[in-house]
Amino acid sequence: MNEFETAVETRHIAEEELRDQLELESLPQHIAIIMDGNGRWAAQRSLPRIAGHKEGLRALQDVLDIGYELNIPYLTIYAFSQENWNRPESEIRLLMGLLEQYLTKERQRFHERKVRFLPIGRLEQLPSSVLALVSEIADETRHHTTQTLAVALSYGGRAEIIDAVQQLALEVQMGSLSPDQIDEDRFEQHLTTWGLPDPDLLIRTSGETRISNFLPWQIVYTELYFTRTLWPDFRRCETLLALLDYQKRERRFGRVPQTVSS
Ligand code: IPE
Ligand code: IPE
Ligand code: MG
């Protein structure tokens with residue numbers, strides 16, 4: 001733990017002090033987040049898992065607020081994975097209910113802040129009432145330009161790639177595309193994230209250092225930030241810490257360091 005992390009953990013540092021360290025001109029333009037650890041947060045308090053998910057939504061609000069205040073144009077959050085369908089039916093039902101409640105409540109704020117809500121994933125697998133709500137909000141916010149909030153629902157990175165490959169194969173079969181026209185750009189046009197820049201920063205909470213099928217195509221050059229903090233405890237100061245950590249990185253994209261001349 002560095003000096004800032006210790007100070008945040010013991011709440012001996014004010015948010016303003018962290019804010020002052022930030023360089024506003026080099027913030028990530030796109031942050032992707034794997035919000036993990038809700039169940040463990042609840043278990044530590046002998047609460048049902050759903051209590052962790054509820055508290056997780058409060059943490060989400062803090063992070064979205066910071067993103068909005070700092071004018072970060074793209075955020076992508078992992079809310080429910082393809083693999084999460086393998087959870088007990090009771091937890092899935094509670095999660096879907098919570099999602100509906102949350103979106104119903106947040107709808108107004110998306111309009112106030114001019115946020116475009118963009119659901120990504122195999123949405124057709126969602127319960128019909130959730131699918132209807134998600135589609136409505138996506139439709140009514142599609143022209144908003146202040147910020148894009150992509151929410152991965154029933155999302156799996158491999159499934160997304162397979163869906164894209166199938167669409168391309170169909171175009172080839174129909175004769176509207178030849179195989180040598182398939183390049184990275186053409187491929188990306190068939191991903192659900194088409195139009196979003198690749199994430200600059202990926203945050204995963206809860207101490208797990210894996211990707212869990214989240215945006216495998218899009219994160220090849222993303223800076224990864226892993227923290228042991230459980231998602232419900234990932235609040236404003238923790239978000240600022242992640243941003244400060246990001247700003248210490250040198251992104252080389254395969255080149256030599258900027259200070260080295262050839
Ligand atoms: C993340 O928290 C939320 C979802 C995956 C929906 P978890 O539910 O995975 O919490 P842990 O990992 O069991 O603590
Ligand atoms: C990843 O968390 C999915 C979401 C945060 C929605 P999981 O808890 O499902 O991932 P694993 O099972 O630990 O890899
Ligand atoms: Mg988990």
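**Pockets and cavities**

Reader: Which element gives the most to the lining of the second largest pocket?

Author: This is a predicted model. Helix H1 (3-9), strand E6 (223-226) and helix H9 (236-247) each supply at least two residues of that lining. The element that gives the most, with three residues, is H1.

Reader: How many residues line the second largest pocket?

Author: Met1, Glu9, Thr227, Arg228 and Thr229 lie nearest the centre of this pocket. They belong to a lining of 16 residues.

Reader: How does that lining divide by class?

Author: The second largest pocket has a volume of about 390 Å³. By class, its lining has six nonpolar, four polar and six charged residues.

Reader: What is the volume of the largest pocket?

Author: The lining of the largest pocket counts 32 residues. The volume of this pocket is about 720 Å³.

Reader: Which residues lie nearest the centre of the largest pocket?

Author: Helix H3 (38-44) and strand E2 (74-81) are among the elements that each supply at least two residues of the lining. Nearest the centre lie Met35, Asn38, Tyr78, Ala79 and Asn84.

Reader: Which element supplies the largest share of the lining of the largest pocket?

Author: Helix H4 (49-69), helix H5 (89-113) and strand E4 (147-155) are among the elements that each supply at least two residues. The largest share is six residues, and it comes from H5.

Reader: How many residues in the lining of the largest pocket are nonpolar?

Author: The lining of the largest pocket includes eight polar residues and six charged ones. The number of nonpolar residues is 18.

Reader: How many cavities of 30 Å³ or more does a search of the whole structure find?

Author: The largest cavity holds about 80 Å³ of space. With the cut-off at 30 Å³ or more, the number of cavities found is three.

Reader: Which element gives the largest share of the lining of the largest cavity?

Author: The lining includes Gln61, Leu64, Glu106, Arg109 and Phe110. Arg113, Val115, Gln147 and Leu149 also line this cavity. H4, H5 and E4 each supply at least two of the lining residues. The largest share, four residues, comes from H5.

Reader: How many charged residues are in the lining of the largest cavity?

Author: Four residues of this lining are nonpolar and two are polar. The number of charged residues is three.

Definitions and conventions. Residues numbered from 1 in each chain as written. Chains lettered and ligands numbered in written order. Predicted model: local features only at pLDDT ≥ 70, side-chain atom pairs only at ≥ 80, totals over all residues. Heavy atoms only, no water. 1 Å grid on protein atoms, 1.4 Å probe; cavity = no way out; pocket = protein on both sides within 12 Å on 5 of 7 lines; lining within 4 Å. Points joined across faces, edges and corners; volume = space filled by probe spheres on them. Nonpolar A, V, L, I, M, F, W, Y, C, P; charged D, E, K, R; others polar.
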